[in-house]
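Please open the model in your viewer and keep a selection panel at hand.

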Amino acid sequence: MVNWLKDSNHWKHIIACFILSLFLGAAAGIAAGVTAEWKDKQWGGQFDWSDIIADIIGVIFGIGVRYILEWNILSLY
């Protein structure tokens, strides 16, 4: 797992999708990840499915934190 994060920019995908999904929702995180991969393919690179998996991991954590924060804030009222 550690090598998977070190070999590429997967950690950047996780962090970016975490932040986007935390503030804007899951659709924003997934859309940004897929758009980044599409851009890579358009500029001569490859569409990397492992980056998409990293995006999904970031979205899952972002939505999880968002849910916990919203649940705690709403329970105050």
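Helices (H or I, at least four residues) and strands (E, at least two) are taken here as DSSP runs and numbered from the N terminus. On that basis the protein contains 4 helices and 0 strands, and its pattern along the sequence reads α-α-α-α. This is a predicted model, in which local features need pLDDT of at least 70 and side-chain atom pairs count only at pLDDT 80 or more, while totals for chains, interfaces and linings use all residues. Residues are numbered from 1 along each chain as its sequence is written, and side-chain values use heavy atoms, with hydrogens and water left out.

**Whole chain**

Begin with all C-alpha atoms shown, which fill a box of roughly 50 × 25 × 15 Å along the principal axes. If you colour by relative accessible area (buried under 20%, exposed over 50%, partly exposed in between, with a 1.4 Å probe and protein chains only), 22% of the 77 residues count as buried. Among contacts (heavy atoms within 4.5 Å) with a separation of 6 or more, 66% come from residues 24 or more positions apart.

**α2 against α3**

Next select residues 10-24, helix α2, together with residues 26-42, helix α3, which pack at an angle of about 145° with their axes 6 Å apart. The axes are lines fitted to C-alpha atoms, for helices over the stretch in contact, and the angles run from 0 to 180 degrees between N-to-C directions. Show side chains at this contact, where His 13, Cys 17, Leu 20, Ser 21 and Leu 24 of α2 meet Ala 26, Ala 28, Gly 29, Ala 32, Gly 33 and Glu 37 of α3. By class, these residues are 6 nonpolar, 4 polar and 1 charged, where Ala, Val, Leu, Ile, Met, Phe, Trp, Tyr, Cys and Pro count as nonpolar, Asp, Glu, Lys and Arg as charged, and the others, Gly among them, as polar.

**α2 against α4**

The contact of α2 with α4 has 13 nonpolar, 6 polar and 3 charged residues.

**Along α4**

Now pick Asp 51, Ile 52, Ala 54, Asp 55, Gly 58, Val 59 and Gly 62, which are buried in α4. Further on, Asn 72 lies in α4 and is partly exposed, with a relative accessible area of 42%. A C-alpha distance drawn from Asn 72 to Gln 46 gives 42 Å, for a pair 26 residues apart in sequence.

**Salt bridges**

Side chains of opposite charge can pair when their charged atoms come close. With a salt bridge taken as a side-chain nitrogen of Lys or Arg within 4 Å of a carboxyl oxygen of Asp or Glu, the structure holds 2. Select Lys 39 and Asp 40, whose closest N and O atoms are 2.9 Å apart; Lys 39 is partly exposed at 41% relative accessibility, and Asp 40 is partly exposed at 27%. Then move to Glu 70 and Arg 66, with the closest N and O atoms 3.2 Å apart. Because Glu 70 and Arg 66 are 4 residues apart in helix α4, about one helical turn separates them. Glu 70 counts as partly exposed at 39%, as does Arg 66 at 25%.
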